[in-house]
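Here are my notes on the model you sent over.

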Amino acid sequence: MTIHVNPNPLATLDGCSKLDSCPTLVLNADFRPLSYYPLSLWGWQDAIKAVFLDRVNIVSEYEQVVHSPGFQMKLPSVVSLKTYIQPSRHPAFTRFNVFLRDKFSCQYCGSPSDLTFDHVIPRSKGGRTEWENVVTACSPCNLRKADKLPKQADMHPYHNPFSPTVQDLHRNGRSFPPNYLHESWMDYLYWDTELDP
Ligand SMILES: [Zn+2]
């Protein structure tokens, strides 16, 4: 099936001007995100395919409309799976998640800018690229520590690096939300916030 896009200038009002910027938030069958870190998002093509395969329910929609001969529909902004999937307890080991665990601050000096990563035990000394050995570090600290062990450099991370649970990241996540959050997602992302009276 070929789907053509109906250019809809009103869609810009919805924060979804280009199709690529209209991701669909994917909820599990219990209406919690399938994954928080990274946030479970599909491109609109995958979302529409899943609708047609009857694997998801549409929970919320963008104003943006796609159409092909004999058919048109609004792009889904939130869908929920019809079958519950057991979520993984541990978040993926990604750059964003390491920063999030460390609250986007250098683990040697606390700086929030020019952030990169440091291997606590340098790779040249057998250190692995894994949760327990990688911390957020600013470039100056990274350069200063260079290829040295914490003792040799007299630089010790504020917190020993660890493999976080989803809950650990969730505690920090509210202060550092992803760049793009559509308003229709909020009820599902922050379900544990207090409701407005
Ligand atoms: Zn630093």
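1. Ground rules. This is a predicted model, so to speak of a local feature the pLDDT has to be at least 70, side-chain atom pairs count only at pLDDT 80 or more, and totals for chains, interfaces and linings use all residues. Residue numbers start from 1 along each chain, following the sequence as written. Helices (H or I, at least four residues) and strands (E, at least two) are DSSP runs, numbered from the N terminus.

2. What to expect of a backbone. Most residues other than glycine have a negative phi, and most peptide bonds are trans.

3. The cis bond. Going from Y37 to P38, the peptide bond is cis, with omega near 0°. P38 itself sits in the loop between strand 2 (24-27) and strand 3 (41-42).

4. F31. This residue is not a glycine, yet its phi is positive, at about 65°. You'll find F31 in the loop between strand 2 and strand 3.

5. D154. Here is another non-glycine with a positive phi, of about 50°. D154 is in the loop between helix 4 (150-153) and helix 5 (166-173). With 8 other C-beta atoms within 10 Å, D154 is exposed.

6. Strand 2, side chains. T24 and V26 point one way from strand 2, while L25 and L27 point the other way. All of them are buried.

7. Strand 2, partners. Which way does strand 2 run relative to strand 3? The two are antiparallel and are joined by two bridges; strands count as paired if DSSP finds at least two bridges between them. T24 has W42 as its bridge partner in strand 3. With strand 5 (residues 71-81), strand 2 pairs in the parallel sense, over three bridges. There, V26 is bridged to V79 of strand 5.

8. R171. This residue belongs to helix 5 and counts as partly exposed, with 14 C-beta neighbours inside 10 Å. R171 and L100 are 71 residues apart in sequence, but 9.6 Å apart in space, C-alpha to C-alpha.

Notes:
A residue is buried if 20 or more other C-beta atoms lie within 10 Å of its own, exposed if 12 or fewer, and partly exposed in between; C-beta atoms are placed from the backbone.
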